[in-house]
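Hello,

Here is the structure we talked about handing over. My notes on it follow below.

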Amino acid sequence: MKKLLLAALLLGGCTTVHVAPYERGYLARPDMAFDAGLGTGRAMEKIHPSKEAASGGASVGGGGCGCN
Amino acid sequence: MRALLVACVLASGGAWAIEAGAPLPALGAPALEDPARTVSLASTKGEVVYVDFWASWCGPCRQSMPLLESMQKKYGPRGFHVIGVNKDVSPADAQRFLRQVPVGFTLVHDGGNKLAQAFDVKAMPSGYLADRHGVVRYVHRGFTSASEAALEREVAALLDEAP
């Protein structure tokens, strides 16, 4: 019980960690973006269902050939 | 128990944000070009000061920096002083930005977040316009074309005030 309390107390510190607006230098780097904005996200969305042989996987009609 | 509560409140709250009516904190920071030289905010008393927090990664700063430069040139002789506080992780990033957007006003580097924490900066860029008595009169968070016109009007009004 005591250990649990201690863990709760210590982990509580994790909830207050936040990045201030002036500390976003690293986050603002282009390579930190989920999608680099070069259409890579859309390309992945097109290729992924065909690789997985999932027909219309990303709400696109077709047989999973990746050609439409 | 009460001491613990007080400690928690103090630790979580941090600094109070600087708003209009608060005095400029009497702090200093190393100059961007020459880190051995400290620029103090208190040394600008008697002048209308605009403390601007900026960074090379901040989009609107690309718009605000040339405007601040032209205002410094226009109102500088009447006692207007811009201090640009750089928030880049590395001063080299700031230098690269300044090669594209050259400015002539005072620049300091706030690597340890001392100034940003004292002002409790809530947005980038953030600007604090203080009158000749060192009292913050206007706070600009973010930068749009609307802030451009407002800032020019405010600076002119503060310069017209009797010292």
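For the charge count, Lys and Arg are taken as positive and Asp and Glu as negative, while His and the chain ends are left out. On that basis chain B carries 16 positive and 16 negative side chains, and the centres of these two sets are 2 Å apart. Please keep in mind that this is a predicted model.

Overall fold: chain B contains five helices and seven strands. Their order along the sequence is α-β-β-β-α-β-α-β-α-β-β-α.

Along the principal axes, the C-alpha atoms of chain B take up a box of roughly 55 × 40 × 30 Å. Of the 163 residues in chain B, 47% are buried. Among contacts in chain B with a separation of 6 or more, 72% join residues 24 or more positions apart. Chain B has an accessible surface of about 8000 Å², and carbon and sulfur atoms account for 58% of that surface.

One residue: Ser43(B) sits in the loop between strand 2 (38–40) and strand 3 (48–54) of chain B. Ser43(B) has a relative accessible area of 56%, so it counts as exposed, the cut-off being over 50%. The side chain of Ser43(B) comes to 2.7 Å from the backbone oxygen of Ser40(B). Between Ser43(B) and Ala26(B) there are 8.6 Å from C-alpha to C-alpha, with the two residues 17 apart in sequence.

Regards

Key:
Residues numbered from 1 in each chain as written. Chains lettered and ligands numbered in written order. Predicted model: local features only at pLDDT ≥ 70, side-chain atom pairs only at ≥ 80, totals over all residues. Heavy atoms only, no water. Helix = DSSP H or I, 4+ residues; strand = E, 2+ residues; numbered from the N terminus. Buried < 20%, exposed > 50% of the residue type's maximum accessible area, 1.4 Å probe, protein only. Contact = heavy atoms within 4.5 Å. Areas by Shrake-Rupley, 256 points an atom, 1.4 Å probe, with all protein chains shown as cover. Charge placed at Lys NZ, Arg CZ, Asp CG, Glu CD. Polar contact = N/O pair within 3.5 Å; in protein donor to acceptor, adjacent residues only side chain to side chain.
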